[in-house]
Structure formats: C-alpha cells, structure tokens
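Q: I would like a close look at a single part of this model. Please start there and then connect it to its surroundings.

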Amino acid sequence: MNTQYTGTALITGANNGIGLELTRRLLNEGWEVAALIRSAFPADDLPIMKAVNSRQLRIYTADLADFSSLRGSLNRIKADEPKLELLFNNAGGSFPELLYSPQGRELHYELQTVVPYIITMELKELLLKGSMPTVINTSSNAILSIKSFDPALLERPLTFKKLFGPYAHTKMALSLWTQELAPTLAAEGIQLRSADPGGNNTLRKDKNSGLPFYIKPLMKMFFHHPSYGAGLLYNAALGKHKDNPGVFLIKDQVSSLKFSGHAPAVLNQVQHIYLQEFSGAPVI
Ligand SMILES: NC(=O)c1ccc[n+]([C@@H]2O[C@H](COP(=O)([O-])OP(=O)(O)OC[C@H]3O[C@@H](n4cnc5c(N)ncnc54)[C@H](OP(=O)(O)O)[C@@H]3O)[C@@H](O)[C@H]2O)c1
C-alpha cells in the first residue's frame with residue numbers, strides 16, 4: 001500500500017480494462033475515485049459496489065464524444081467534487097472504421113485528442129484546489145509507427161487504417177498538445193504528461209475491436225493483464241517523473257516525440273474547438 005499520497009482521482013473510462021484496474025488500485029490504496037464513464041461497472045464486482053455504496057467511488061455518466069452529454073457530467077462534477085488531485089484521461093480505443101462524433105469530427109480525434117483537452121480545462125479549478133494537481137493523458141506507442149503527420153487531416157481523415165491510422169495519429173496529436181501546453185500549466189501549478197500503458201489484453205466479447213486481425217491472437221497470448229497498464233499510468237502520475245512536465249513516457253522512460261514542430265498547431269486546433277464549441281468564451 002502507498003501511504004505517501006491519497007486524495008481524489010478522476011478517471012475517464014474507469015469501468016473497463018486499464019481504467020478499471022487503475023480504479024481498483026487507487027481504491028485499495030485509500031484514494032477516492034470519481035469515475036467519468038459511459039457504461040456501468042461490472043455489477044458482480046463486490047469491492048467496486050462496496051466502494052460505490054460508501055461513496056469512496058463516485059460515478060458520473062457521459063458519452064464523452066457527445067459535447068452535450070460531456071457538459072452535463074462536467075457540471076455535476078464541478079458541483080459535487082470539492083477538489084481533485086489526479087486526472088487520468090484514459091477513455092479511448094481503436095475503432096473498426098471511420099466514424100464521426102455528434103459534432104462532426106472523426107471519432108478518434110474527438111475522443112482521444114479534443115475531449116482530454118476539454119476535460120483538463122474544465123477541471124483546472126478543481127485540480128488547483130487539490131494538493132498535487134496532475135493530469136495524465138493516455139497515449140500509445142502506436143505513435144512510433146507514424147511516418148507523416150498533418151494536423152489539418154485529423155478532423156476528416158482521407159484514408160482509414162485500423163490502429164495505425166486515425167487511432168495512432170490522434171494519440172500523436174494528444175501527446176503533442178500535452179507537450180506544448182505543459183510548461184504553461186506547470187507555471188500555474190499543474191503537472192501534465194502523456195504515457196503509453198504498454199500492450200494489455202483488454203479484448204472483450206461485446207466490443208467490436210478496431211485491431212488488425214493479426215494483433216488479436218498476439219494480444220490473447222502475449223499481452224499483459226490490464227493491471228500492467230494501470231501500473232504504468234499510476235507511475236506516470238506518482239513515480240520518478242512526477243515533476244517532469246510535458247514528457248511522453250514509454251515503460252516509465254521519457255521518449256522523444258516526432259513531429260514536435262506541429263505541436264503548436266495541434267494545441268491551437270483543440271483550443272479553438274474548446275473556445276468556439278464548448279466553453280462559450282469568445283474566440284479571438
Ligand atoms: N490495451 C492496450 O494495449 C493499450 C495500448 C496503448 C494504449 N491504450 C489506451 O489505453 C486506454 C484504455 O484502453 P483499454 O485498453 O483499457 O480499452 P477498454 O478496455 O476498451 O477501455 C476503454 C474505456 O474507454 C471508454 N470509452 C470509449 N469510448 C467512450 C465514450 N465515447 N465515452 C465514454 N467512455 C468511452 C470505454 O467505455 P465503455 O465500457 O462504455 O466501452 C472503456 O471504459 C485507451 O485510451 C487506449 O487507447 C491501450
């Protein structure tokens with residue numbers, strides 16, 4: 001048990017896979033968890049249900065890719081949670097085809113690049129009330145495979161490839177805006193980093209996986225239990241890089257980001273969407 005830190009952690013996608021294992025770990029260590037989730041926790045998980053009943057685990061429901069649903073849940077979080085120590089932007093995944101959000105942007109881009117920015121901005125005030133404000137954006141080592149990158153194509157990609165297409169490109173965009181924004185947030189007192197959780201077997205019978213066919217058997221045989229990825233996200237927040245803003249971590253090590261020259265443009269894109277479509281503030 002880690003007795004050094006506790007507080008409240010908000011985790012998106014806390015009900016399945018890596019997010020669920022991270023939730024279990026933090027609850028076991030005495031943390032309170034605010035779960036921002038689309039579907040329910042497993043109803044037969046007694047420790048989880050016990051934590052819900054005692055309010056150590058508090059549930060906020062939203063389809064994160066739908067801004068009206070997201071806005072409602074963020075308002076409830078701001079009304080009900082007095083402060084946050086940690087924010088894990090974890091919800092995401094690889095989809096099997098080109099899909100679009102209710103706002104009309106490619107779904108990976110909305111969910112994995114734009115929405116983590118919106119959640120971070122909207123919860124900044126709660127984080128600043130916490131004792132160790134830290135935001136971890138869940139990226140992927142799939143970004144290492146990218147050969148060319150154009151921020152202008154994220155919203156409406158011209159082509160689709162499972163895992164190595166929009167999924168990888170939008171994780172790259174996530175790590176790029178993270179790197180670009182981190183010094184500004186660090187000056188305000190918030191630590192922001194991105195991390196790859198490694199290869200974890202999070203296949204589900206009820207999920208139409210967007211993984212290439214040859215990866216599924218490899219995942220079943222060789223990928224880690226999702227507690228492995230949860231451990232890497234946990235370390236990204238509280239481990240040896242806890243005072244290292246903006247870095248992209250693979251296996252707990254700093255990894256350099258290709259296409260850093262595009263980081264200002266990507267940050268500019270997500271900021272523009274946030275201001276124009278979410279916060280109601282005038283765009284200058
Ligand atoms: N598994 C790996 O090997 C691996 C490797 C690198 C990076 N990652 C990243 O790690 C993160 C967690 O993935 P995982 O492997 O644990 O997958 P997972 O088991 O499928 O969990 C994904 C979580 O994201 C949630 N989610 C997806 N779309 C959502 C939406 N529109 N609104 C709200 N929640 C939504 C899911 O909710 P539902 O339960 O409602 O579907 C689920 O809780 C993802 O960002 C993924 O890209 C995973």
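Is Tyr274 buried or exposed, and what is its relative accessible area?

A: Tyr274 is buried: its relative accessible area is 10%, which is under the 20% cut-off for that class. The model is a predicted one.

Start with the group around this ring. Tyr274 belongs to one aromatic cluster, together with Phe67, Tyr117, Trp177 and Phe278. Six aromatic pairs occur in the structure. In one of them, Phe67 meets Phe278 edge-to-face, because the planes stand at 80° with the ring centres 5.4 Å apart. Phe67 is buried at 4% relative accessibility, and Phe278 is buried at 6%. Phe278 also pairs with Tyr274, this time in a stacked arrangement, with 6.2 Å between centres and 25° between planes. Here the partners are local. Tyr274 and Phe278 are four residues apart in helix H9, about one turn of the helix.

Glu277 forms a salt bridge with Arg105, and the closest N and O atoms are 2.8 Å apart. Arg105 lies in the loop between S4 and H4, whereas Glu277 lies in helix H9 (residues 263-279); the separation is 172 residues. The two ends differ in cover. Arg105 is buried, at 2% relative accessibility. Glu277 is partly exposed, at 32%. Elsewhere, salt bridges with shared partners tie Glu21, Arg24 and Asp45 into one network.

Lys78 is in helix H3 and Glu122 in helix H4 (residues 107-122), 44 residues apart. Lys78 is partly exposed, with 33% relative accessibility, while Glu122 is buried at 14%.

Glu81 and Arg58 join side chains at 2.7 Å, N to O. Glu81 is in the loop between helix H3 (67-80) and strand S4 (86-89), and Arg58 is in strand S3 (residues 57-61), 23 residues away. Both Glu81 and Arg58 are buried. The total for the model is eleven salt bridges.

Eight strands make up an open sheet of mixed pairing, ordered S3-S2-S1-S4-S5-S6-S7-S8. S3 and strand S8 (253-255) are the edges; each has a single partner strand, so one side of each has no neighbour in the sheet. On average, neighbouring strands are turned by 25° against each other, direction ignored. Strand S6 (residues 191-196) and strand S7 (residues 248-250) run parallel and are joined by three bridges. Asp196 has Ile250 of S7 as its bridge partner.

Finally, turn to the outside. A nonpolar surface patch is formed by Phe213, Tyr214, Leu218, Met221, Phe222 and Phe223, with about 710 Å² of accessible area together. Met221 lies in helix H7 (residues 215-222). Met221 is exposed, at 59% relative accessible area, in contrast to Tyr274, which is buried at 10%.

Methods:
Residues numbered from 1 in each chain as written. Predicted model: local features only at pLDDT ≥ 70, side-chain atom pairs only at ≥ 80, totals over all residues. Heavy atoms only, no water. Patch = residues over 30% accessible without salt bridge, like charges linked within 9 Å, V, L, I, M, F, W, Y side chains within 5 Å. Areas by Shrake-Rupley, 256 points an atom, 1.4 Å probe, with all protein chains shown as cover. Salt bridge = Lys/Arg side-chain N within 4 Å of Asp/Glu carboxyl O. Helix = DSSP H or I, 4+ residues; strand = E, 2+ residues; numbered from the N terminus. Buried < 20%, exposed > 50% of the residue type's maximum accessible area, 1.4 Å probe, protein only. Pairing = 2+ DSSP bridges. Axes fitted to C-alpha atoms, helices over the stretch in contact; angles between N-to-C directions. Phe/Tyr/Trp six-rings, centres within 6.5 Å; stacked < 30°, edge-to-face > 60°.
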